[in-house]
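Colleague: I am new to this one. Please show it to me, then let me ask about it.

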Amino acid sequence: MQVDFLQVLKTLSAAHNLKLTKVVAPFTDLKNFDYGLRQSLDPQLDWDALGHQMVQEASPQTLILAEDVFELKYAVFALPDEVDTAYILGPWIGRKKRSDCSVEWCRRCLGEESNKAIEQFYNGICRMSGDSFCVSLGSLLTMARGGKSVEIVQSKSFQPLVFEPDMRCFQEPPFEKELPAAMLERRYAAEAAVMDAVEQGNVGSAMAAFEQLVQFRMESRFATPLKDIKMSLVILNVLLRKAIQRSAVHPYYIDRISGRYAVRIENMTDIDQSKEIVLDMLREYCVYVQKYSLKRYSPLVQKTMNYVNLNLNSALSLKMLAGMCYISPSYLSYLFKQETGQTLTDYINTRRVERAARRLRSTDDSVAEIAESVGVLDVNYFTKIFKKSMGVTPTAYRKQCQQGQVSAS
């Protein structure tokens with residue numbers, strides 16, 4: 001089987017949220033290999049010379065792990081059979097925070113305001129140890145060479161990445177605005193990916209998108225890490241609230257879930273609780289979309305379904321619901337069946353049975369009380385529609401739940 005090593009490389013870099021840049025003449029893609037850091041610092045940088053130098057230094061026999069003056073790490077290598085071409089993978093950060101030496105260099109060479117801009121830049125760079133990743137990358141390059149091993153070289157003086165800004169061209173104000181702005185664009189794009197996944201009710205995609213988002217570390221604004229984490233969770237709660245709103249989930253449900261998580265966030269006493277809260281939020285917001293989203297329906301059907309869901313304990317009839325929508329009962333009946341695949345009566349009964357089943361599982365209320373709470377005053381009729389939907393009578397269903405034969409979810 002023929003292996004496309006470049007595609008595998010792209011998959012590996014995407015899994016670690018790293019940028020893979022192909023270095024080949026005329027080197028047009030090279031300007032953004034570091035997300036525009038050098039371009040912002042030195043608009044007159046000779047990218048052609050930098051590209052040629054990088055191609056000359058790279059080799060299929062060697063995997064160069066380089067660290068530049070900004071303490072950003074990169075992997076530089078070449079693939080067999082690709083002439084005058086190199087690849088640079090990164091950047092990533094291998095430490096929790098910038099060293100005093102790096103901070104001092106930036107302050108001395110660029111000034112305090114620019115040092116703050118670089119700090120914001122760091123907040124958007126992937127942070128990892130790199131050890132296991134480099135081993136995987138080395139193994140992949142070895143495979144690309146037909147099993148011939150690749151030498152891994154650590155370099156802090158890799159010439160193409162040694163960088164001193166040209167102070168004759170350097171203008172602080174543009175740099176201080178452009179660099180943070182570029183990283184903010186990436187963070188907002190990551191936020192949008194999370195919202196899009198939640199809007200679709202896709203739990204897996206939401207989790208993956210959030211992994212991309214968490215690499216962006218927000219500037220500390222409070223005296224304690226706990227308060228910072230709480231603020232981040234509050235922001236996430238708002239984002240997810242807006243996401244399911246775009247999916248035409250009724251405000252009643254949005255307020256219910258966002259309010260519940262607002263209380264949970266406020267009551268958080270330990271930073272370690274945040275991971276569980278985030279996972280629960282992503283899952284449950286997606287479930288709310290799966291369960292309550294009416295986005296695929298017309299406004300009239302949305303209005304009808306929302307009214308039914310919010311008024312199950314009331315008397316509901318086709319005539320009353322049609323009057324609420326200012327259309328004829330026959331047209332509402334036709335429209336509802338066409339869009340949902342079921343009659344309005346069946347939909348009402350299904351929602352009532354679902355709510356009644358929850359109460360049978362969680363309370364000791366009598367069947368008659370539960371029937372009344374979902375808008376059915378005739379217990380015999382309630383039993384009939386319940387059995388049609390669930391396959392057993394309400395009493396038998398409750399007994400099965402008590403014996404553990406039915407999930408309590």
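Modeller: One definition to start: Ala, Val, Leu, Ile, Met, Phe, Trp, Tyr, Cys and Pro count as nonpolar, Asp, Glu, Lys and Arg as charged, and the others, Gly among them, as polar. The model is predicted, so local features need pLDDT of at least 70 and side-chain atom pairs 80 or more, while totals for chains, interfaces and linings use all residues. Residues are numbered from 1 along each chain, and side-chain values use heavy atoms, without hydrogens or water.

Colleague: How do the residues lining the largest cavity divide?

Modeller: A cavity is a set of points on a 1 Å grid over the protein atoms alone where a 1.4 Å probe fits but cannot get out; lining residues have an atom within 4 Å of a point. The lining includes Phe77, Leu79, Leu141 and Arg145. It divides into eight nonpolar, two polar and one charged.

Colleague: Which parts does the Lys295 and Glu199 pair tie together?

Modeller: Lys295 forms a salt bridge (Lys or Arg side-chain nitrogen within 4 Å of an Asp or Glu carboxyl oxygen) with Glu199, at 2.3 Å between the closest N and O atoms. The parts are 96 residues apart in sequence. Helices are DSSP runs of H or I, at least four residues, numbered from the N terminus. The pair ties the loop between α11 (273-292) and α12 (299-310) to helix α7 (residues 172-199).

Colleague: Is Glu199 buried or exposed?

Modeller: Buried means under 20% relative accessible area, exposed over 50%, partly exposed in between (1.4 Å probe, protein chains only). Lys295, at 46%, is partly exposed. Glu199 has 14%, so Glu199 is buried.

Colleague: Which residues link Arg260 to α11?

Modeller: Arg260 lies in helix α10 (residues 251-266). Its side chain meets a partner at 2.5 Å, N to O, in a salt bridge. That partner lies in helix α11: Glu284.

Note on methods: On a 1 Å grid over the protein atoms alone, a cavity is a set of points where a 1.4 Å probe fits but cannot get out, and a pocket is an open set with protein on both sides within 12 Å along at least five of seven lines; lining residues have an atom within 4 Å of a point. Helices (H or I, at least four residues) and strands (E, at least two) are DSSP runs, numbered from the N terminus.
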